[in-house]
Amino acid sequence: MTEKHQLLTDQQFEQQFENCTLPPVLVTYEAHLRLAYIHVKKHGIKKAAITLYSQLTAFNTNFGNILIISKASIKSFVKLISYFISKAATTSFRELMLEFPDLKTHFLTLLGQPNQTENNFEETETRNDIVGFSSL
């Protein structure tokens, strides 16, 4: 089943999220994955993590969500997305989700696996932080 955010182009989705005009009902866990995917493809890991943290914080604040997301969580989230992008034979987010469905369904398990990237994740602390993040 296609999520409604998929009806938007990457540019529309990114811009509406950044401007806080994307309806919150469209901001699913998959939408977070997509936003990270867009930023990693455009900017690389470091800038993607900074931008994603900033945009998620602004979006949550704008819509009255008091959930605090740690920078470490965002960094690990972006690293994991980047890892799968580098392993993918695909060129779009939709195809990435088809190739690696566990990104959507078993994210915490993937996060706990060692050596997903050259740098190990800050597993225990980040894993706990991401539990709240993944339920957004």
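**Entry 1: overall layout**

I began with the secondary structure of the chain, which comes to eight helices and zero strands, in a model that is predicted. Reading along the sequence, I noted the pattern α-α-α-α-α-α-α-α. I then looked up burial and found that 42% of the 136 residues of the chain count as buried. For the contacts with a separation of 6 or more, I recorded that residues 24 or more positions apart account for 62%.

**Entry 2: H1 against H2**

I turned next to H1 and H2, whose axes are 11 Å apart and which pack at an angle of about 105°. That angle makes H1 roughly perpendicular to H2, since 65 to 115 degrees is the range for that label. On the H1 side I listed Asp10, Phe13, Glu14 and Phe17, and these meet Ala31, Arg34, Leu35, Ile38, His39 and Lys42 in H2. Sorted by class, the residues of this contact of H1 with H2 divide into five nonpolar, one polar and four charged.

Most residues other than glycine have a negative phi. Cys20, however, has a phi near 60°, a positive value in a residue other than glycine. With a relative accessibility of 16%, Cys20 counts as buried.

**Entry 3: H2 against H3**

Helix H2 (residues 29-43) packs with H3 at an angle of about 140°, and I noted that their axes are 8 Å apart. H2 and H3 are therefore oblique to each other, and H2 passes H3 in a right-handed crossing. The contact is made on the H2 side by His32, Leu35, Ala36, His39, Val40 and His43, and on the H3 side by Ile45, Lys47, Ala48, Thr51, Leu52, Gln55 and Leu56. By class I recorded seven nonpolar, five polar and one charged residues for the contact of H2 with H3.

**Entry 4: H3 itself**

How far apart are the end C-alpha atoms of H3, and what span should its 18 residues have? The end C-alpha atoms are 25 Å apart, which agrees with the 26 Å that the 18 residues should span at 1.5 Å a residue. I listed the buried residues of H3 as Ala48, Ala49, Thr51, Leu52, Gln55, Leu56, Phe59 and Asn60. An α-helix has 3.6 residues a turn, so residues three or four places apart point the same way. Following H3 comes Gly64, for which I noted a positive phi, near 75°.

**Entry 5: H3 against H4**

I then took helix H3 (residues 45-62) together with helix H4 (residues 71-87), whose axes come within 9 Å and cross at roughly 130°. H3 and H4 are therefore oblique to each other, and the crossing in which H3 passes H4 is right-handed. From H3, Ile45, Ala48, Ala49, Leu52, Tyr53 and Leu56 meet Lys71, Ile74, Lys75, Phe77, Val78, Lys79 and Ser82 in H4. By class, the contact of H3 with H4 has nine nonpolar, one polar and three charged residues.

From Ile74 to Ala48 I noted 9.2 Å, C-alpha to C-alpha, across 26 residues in sequence.

**Entry 6: Phe93 in H5**

Last I looked up Phe93, which is found in helix H5 (residues 93-99) and which, at 4% relative accessibility, counts as buried. Which residues is Phe93 in contact with, leaving aside its neighbours within four places in sequence? I found His5, Gln6, Glu30, Leu33, Arg34 and Tyr37. For Phe93 and Leu35 I recorded a C-alpha to C-alpha distance of 9.5 Å in space, with the two residues 58 apart in sequence. Leu35 had already come up in my notes on H2, where Leu35 is among the residues that meet H1 and among those that make the contact with H3.

Terms used. Residues numbered from 1 in each chain as written. Predicted model: local features only at pLDDT ≥ 70, side-chain atom pairs only at ≥ 80, totals over all residues. Heavy atoms only, no water. Axes fitted to C-alpha atoms, helices over the stretch in contact; angles between N-to-C directions. Helix = DSSP H or I, 4+ residues; strand = E, 2+ residues; numbered from the N terminus. Parallel < 35°, antiparallel > 145°, perpendicular 65-115°, else oblique. Left-handed = near helix turned anticlockwise from the far one by under 90°. Contact = heavy atoms within 4.5 Å. Nonpolar A, V, L, I, M, F, W, Y, C, P; charged D, E, K, R; others polar. Expected span 1.5 Å × (residues − 1). Buried < 20%, exposed > 50% of the residue type's maximum accessible area, 1.4 Å probe, protein only.
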